[in-house]
Amino acid sequence: MSAPGESPAFDWLAHRAAVLPAHPAVEFGAEVWSFAELDRRASAVAALLLGAGIEPGDRAALLAANSNAFVAAVFGAARAGVQLAPLNWRLSHAELAWQVQRLGARVLLHDAVYAAAAAAVAAEAGARALSLETAREDALSLSAENWPGTWTGDFILMFTSGTTGRPKAARLTFENFFASAAASAFNIGVDPADRWLACMPLCHVGGLSIATRSLIQGTTIVIHPGFEPAAVNRALRRERITLLSVVPTMLARMLESDADPFPEALRAVLVGGGPVSRDLLERAAARGLPVLQTYGLTEATSQVTTLPPADALGHLGSAGKPLFSIRVAVDAPPGEPGEILVAGPTVFAGYFDDPDATARTVRGGWLRTGDIGRLDAEGFLYVLDRRDDLVVSGGENVYPAEVEAALEAHPAVREAAVVGLPDDRWGQVVAAAVAFEPGAAAGWDDLETWLRGRLAGYKLPRRWLRADELPRTASGKLQRHRVRAWFEAGP
């Protein structure tokens, strides 16, 4: 029990389990967990962590596929007072081990799917692999107010790549996620029967936000293992889905998968990660998909602005206006392009153990996103370019500097330049221009083999170009726009 005068922690999950015990909380395939069941499963994960000697305030990593067990791990860590870092399973073992070490995580939680990978990563990182399969509901029994988690302060450590190529861990708090869920509720409303389909990776902030939002709002998250257009379309028509989050390439593939209309029960399709073309908007509207274009980023706990369907064609290319409690500005004269700034309760608490990067990113209460945009006279935001030449391929962020560093570590490579090129299927693909050392005999197959052991598959270049030297300014800065023009000019 709490000491007299102390306020017990407000455990989100315990509240939902008490108020809506039988309401479906998580659906994954044939498994349906009520809030009461999710509460029990999360307690089992909390007990697993505490029983392994992990203490409140410690950090743990999670390597798991999309599933109901992933959600239980997130809230179980919260209940144990442990800061959790969901890891991107698409990264290489070396990349994952670096992240575990960077955080000083003592354990790496994992599911059965990634048991072998977790064992290898944990061994390399000097951490302990801990299987979610061993979480037992009867391992430890405590009432909600006696669990050590306070449900305040740091909650999730979400890695997001930086311009140097080394990822940084954004400290996202319980307050951040609560404010984001409230802003979403004010934006599109909440129906007790809402069922939000999560087909994006839960290890990304966009996917994880669906889980936290659904818990806070007392609605249901329906989880798919990944994005498969036919499966998503089938779920929309047969499983009473009311809300969906995708990126533009996913939306296009859904429309290409079949020609059938979509049900009126679908209240909103949130599309982020890039602008939606007029053709795609019109095709979606004709099929009954109410598209809401959005702009967001990890450091702002996902969604920042939204463009409703009624404004979509009248403000083509816009990401809309800020959600409630969020402020957006552009560091430039009115109407001119400049850096997008964000303020409000969804802005993160800073980067883990990196005060210098935090100070550069948050100044005077404003998050400097590094993205370039403009605000029109009506306050609609237009995102003109991703930060620092970011390549967005299939919804995954690829930072050129990271790929360039891996290429330049090859003994045959003198220098490399990486850019993103338009692609109908993936939005963008990675392209690399390479200047080889004199007399080097390496070819593209050699470089691909080299990279596969160092980077995730989606970061590998799909197009290559040999250059004698790369274009630079007088100060030595790489001119990526000229490299991009080389590719666009063709052979």
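Colleague: A helix here is a DSSP run of H or I, at least four residues long, numbered from the N terminus. Which residue follows α15?

Modeller: Gly-490 does, and its phi is positive, near 80 degrees. Keep in mind that this is a predicted model.

Colleague: OK. Which residues of α15 are buried?

Modeller: The helix covers residues 480-489, and its buried residues are Arg-480, Val-483 and Phe-487.

Colleague: Why are they on the same side of α15?

Modeller: They span an arc of only 60 degrees around the axis, which places them on the same side of α15. As a general rule, an α-helix has 3.6 residues a turn, so residues three or four places apart point the same way.

Colleague: And what is on the face turned away from the buried side?

Modeller: That face of α15 carries His-481, Glu-488 and Ala-489, which are exposed.

Colleague: What covers the buried residues of α15?

Modeller: The cover includes helix α13 (400-408). It also includes the strands β23 (413-423), β24 (427-436) and β25 (463-466).

Colleague: Those strands, then. In what order do they sit in the sheet?

Modeller: The order is β23-β24-β25, in an open sheet of 3 strands with mixed pairing. β23 and β25 are the edge strands, each pairing on one side only. From one strand to the next, the twist averages 25 degrees.

Colleague: How many bridges join β23 to β24?

Modeller: There are 10, and the two strands run antiparallel. A hairpin of 3 residues connects β23 to β24. Within that pair, Val-418 stands opposite Ala-432 in β24.

Colleague: Is β23 largely enclosed or left open by the rest of the structure?

Modeller: Largely enclosed, because 8 of its 11 residues are buried.

Colleague: Which helix lies across β23, β24 and β25?

Modeller: α14 (residues 444-452) does, running at about 125 degrees to β25.

Colleague: New topic. Which residues touch the most other members in the largest nonpolar core?

Modeller: That core has 78 residues, and the ones touching the most other members are Trp-12, Leu-49, Phe-75, Leu-109, Phe-155, Ile-156 and Val-342. Helix α3 (residues 68-80) gives the most to this core, with 9 residues. Apart from this core lies another, of 44 residues, including Ala-105, Ala-406, Ala-432 and Ala-442.

Colleague: What does Ile-156 touch?

Modeller: Leaving out residues up to four places away in sequence, Ile-156 touches Val-74, Leu-84, Pro-86, Ala-170, Arg-171, Leu-172, Phe-177 and Leu-208.

Colleague: Now α6 and α7. At what angle do their axes cross?

Modeller: The axes of α6 and α7 (residues 205-217) cross at roughly 75 degrees and come within 9 Å. An angle of 65 to 115 degrees counts as roughly perpendicular, and α6 and α7 therefore are roughly perpendicular to each other. On the α6 side, the contact is made by Phe-177, Phe-178, Ala-181, Ser-184 and Ala-185. On the α7 side, the residues include Leu-208, Thr-212 and Ile-216.

Colleague: Where is Ser-180?

Modeller: Ser-180 lies in α6, residues 174-188.

Colleague: Buried or exposed?

Modeller: Ser-180 is buried, with a relative accessible area of 6%. Not counting residues up to four places away in sequence, Ser-180 touches Thr-301 and Thr-346.

Colleague: Last one. Where is His-224?

Modeller: His-224 sits in the loop between β10 (220-223) and α8 (229-238). Its relative accessible area is 10%, and buried means under 20%, so His-224 is buried. Again leaving out residues up to four places away in sequence, the residues His-224 touches include Phe-28, Asn-66, Cys-199 and Ala-235.

Methods:
Residues numbered from 1 in each chain as written. Predicted model: local features only at pLDDT ≥ 70, side-chain atom pairs only at ≥ 80, totals over all residues. Heavy atoms only, no water. Buried < 20%, exposed > 50% of the residue type's maximum accessible area, 1.4 Å probe, protein only. Arc of directions from axis to C-beta. Contact = heavy atoms within 4.5 Å. Core = buried A, V, L, I, M, F, W, Y, C linked by side-chain atoms within 4.5 Å. Pairing = 2+ DSSP bridges. Axes fitted to C-alpha atoms, helices over the stretch in contact; angles between N-to-C directions. Parallel < 35°, antiparallel > 145°, perpendicular 65-115°, else oblique.
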